[in-house]
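Please look over the sequence and the structure shown here before reading on. The paragraphs that follow lead through a few places in turn.

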Amino acid sequence: MKLKRDMVAGLVFSTIGLGALAIALGYPFGSTLNMGPGYFPTLVSGLIVVLGIALTIRELRAGNGALLTDIAWRPLAIIIAAVAGFAILIQHGGLIPAVCFLTAVGWYADPRRSLRALPVQLVIGILVPILIFRIGLNMPIPLWRF
């Protein structure tokens, strides 16, 4: 049996989800109206486990997915670099430079990228986190630190 990407991804999701679930169950769960610190991590890790199992079962039934060796390494490396740069810039530069870096570098991972779409992605990428985290959740995330 040849390893397929979706099967391996499903097994990885399931493993990570089970590990996170084991950690999350060590915290008080609470209730829906009075959530404890383990409530959200337990739900999210449970969903990750379900996603991993569904992905694995789907690949086992279909069996026609791409092989594990058919990985697009260039886009994978670009996305990893974009996320790593975001993690560094969010601490040292603020939300706006981090999102701009993530969007601009991640844009290169798409082989069908369009230069006209990049400004729209940048504007949406900046506005959505500001609306959710700064305005909606009132979190003190700095927008700019330079």
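**The core and the helices around it**

Five residues, Leu95, Val99, Ile126, Ile130 and Ile141, form the largest nonpolar core, where a nonpolar core is a set of buried Ala, Val, Leu, Ile, Met, Phe, Trp, Tyr and Cys residues joined through side-chain atoms within 4.5 Å. The elements that contribute two or more residues to this core are α4 and α5, helices here being DSSP runs of H or I with at least four residues, numbered from the N terminus. The model is a predicted one, in which local features need pLDDT of at least 70 and side-chain atom pairs count only at pLDDT 80 or more, while totals for chains, interfaces and linings use all residues. Residues are numbered from 1 along each chain as its sequence is written, and side-chain values use heavy atoms, with hydrogens and water left out. Ile141, a member of the core, is in contact (heavy atoms within 4.5 Å) with Leu95, Phe133 and Arg134, leaving aside its neighbours within four places in sequence.

Two packed helices are described by the angle between their axes and the distance between the axes. For α4 (residues 95-107) and α5 (residues 117-136), the axes come within 9 Å and cross at roughly 145 degrees, with axes taken as lines fitted to C-alpha atoms over the stretch in contact and angles running from 0 to 180 degrees between N-to-C directions. From α4, Leu95, Ile96, Val99, Cys100, Thr103, Ala104 and Trp107 meet Leu118, Gln121, Leu122, Gly125, Ile126, Pro129 and Ile130 of α5.

Within helix α4 lies Thr103, which is buried, with a relative accessible area of 15%; buried means under 20%, exposed over 50% and partly exposed in between, with a 1.4 Å probe and protein chains only. The side chain of Thr103 reaches the backbone oxygen of Val99 at 2.8 Å, and, not counting residues up to four places away in sequence, Thr103 touches Leu118, Gln121 and Leu122.

Elsewhere, Gly63 lies in the loop between α2 (39-62) and α3 (73-92) and is partly exposed, with a relative accessible area of 38%. Gly63 and Lys4 are 59 residues apart in sequence, and their C-alpha atoms are 8.0 Å apart in space.

The segment after α5 holds Asn138, which is exposed, with a relative accessible area of 63%. Most residues other than glycine have a negative phi, whereas Asn138, although not a glycine, has a positive phi of about 55 degrees.

Terms used:
A polar contact is a pair of N or O atoms within 3.5 Å; within protein, one must be able to donate a hydrogen and the other to accept it, and residues adjacent in sequence count only if both atoms are side-chain atoms.
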